[in-house]
Structure formats: structure tokens, C-alpha cells
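Colleague: I would like to go through this model with you. Please keep to what the atoms show.

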Amino acid sequence: MRKLKERGLTESLDIGYRLSARGAAVLDHEGHPRSARGRSVPEPGIPLPHLGAAATRALTAHGVVRLEQVARLSESDVLALHGVGPYALRHLRTAMDAAGLSFRDDPGASPHAGATPETS
């Protein structure tokens with residue numbers, strides 16, 4: 001469990017830890033056997049890319065475990081989470097671009113690259 005915790009693949013409980021949805025996916029992908037009884041049905045959608053432990057913890061603490069959930073947030077909302085920095089944001093943007101997703105419009109943010117500024 002310690003190795004999983006170090007990799008950001010667990011969720012903290014009041015007492016102890018449990019395997020996160022991402023942790024279960026990683027174990028399944030790496031071929032580690034687990035009992036079928038403890039497996040939860042994975043949420044539909046695209047899992048988060050590797051962001052680092054702090055950013056993954058910050059997002060999962062807010063119930064965000066899929067890219068589609070990130071797309072419901074603005075870029076400034078994600079950056080405001082403790083543990084999410086430029087590295088994580090860059091990887092989120094890359095994964096979201098590949099999936100055809102984008103951050104929710106944020107009126108306080110600067111225009112996206114390629115957008116033309118308003119001239120009024």
C-alpha cells in the first residue's frame with residue numbers, strides 16, 4: 001500500500017487508505033491480480049493522464065477522475081487547486097486536446113491561442 005500511496009494511487013480516509021479508481025486501473029494495466037470482490041466498476045470516460053501525486057490527489061479530492069470532468073472546470077479553477085501547477089496543467093491540456101475536449105470558458109482568463117481579440 002505504501003508504494004501505491006507514493007504513486008498517488010490511493011485515497012485517504014479518516015482511518016487508513018483505499019485504492020483509488022486510477023490505482024485500480026494502474027494495477028489492472030500492470031497485471032497485478034486483485035480479487036473481483038473488491039473491484040468497483042470503472043466510471044465511463046477518459047482517465048486522467050499522469051500528472052504527479054499532488055495534482056492527482058488535488059483533483060480526486062474534488063471528485064475529478066476523468067478528463068470529461070476536467071472539461072467542466074475552467075483553467076483557473078484547476079490552477080487554484082493546491083498541488084496543481086504548470087506541469088500538471090500542460091499535461092491536462094495535451095490530453096484534453098487529444099480527446100477533443102477543452103476547459104470551460106473562463107471570462108477572467110486570457111483568450112486561447114489562435115483566438116482573435118475583440119476589437120470594440
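Colleague: Is Arg104 buried, partly exposed or exposed?

Modeller: This is a predicted model, in which local features need pLDDT of at least 70, side-chain atom pairs count only at pLDDT 80 or more, and totals for chains, interfaces and linings use all residues. Residues are numbered from 1 along each chain as its sequence is written, and side-chain values use heavy atoms, without hydrogens and water. Buried means under 20% relative accessible area and exposed over 50%, with partly exposed in between (1.4 Å probe, protein chains only). Arg104 has a relative accessible area of 41%, so the residue is partly exposed.

Colleague: Which side chain meets that of Arg104 in a salt bridge?

Modeller: A salt bridge here is a side-chain nitrogen of Lys or Arg within 4 Å of a carboxyl oxygen of Asp or Glu. For Arg104 the N to O distance is 3.2 Å, and the partner is Asp77.

Colleague: How many residues apart are Arg93 and Glu75, whose side chains meet in a salt bridge?

Modeller: Their N to O distance is 2.7 Å. Helices are DSSP runs (H or I, at least four residues), numbered from the N terminus. Arg93 lies in helix α6 and Glu75 in helix α5 (residues 75–79), so the pair ties together parts separated in sequence by 18 residues.

Colleague: Within what arc do the buried residues of α3 fall?

Modeller: In helix α3 (residues 53–61), the buried residues are Ala55, Thr56, Ala58 and Leu59. They line one face of the helix, because seen down its axis they fall within an arc of 160°.

Definitions and conventions. Helix = DSSP H or I, 4+ residues; strand = E, 2+ residues; numbered from the N terminus. Arc of directions from axis to C-beta.
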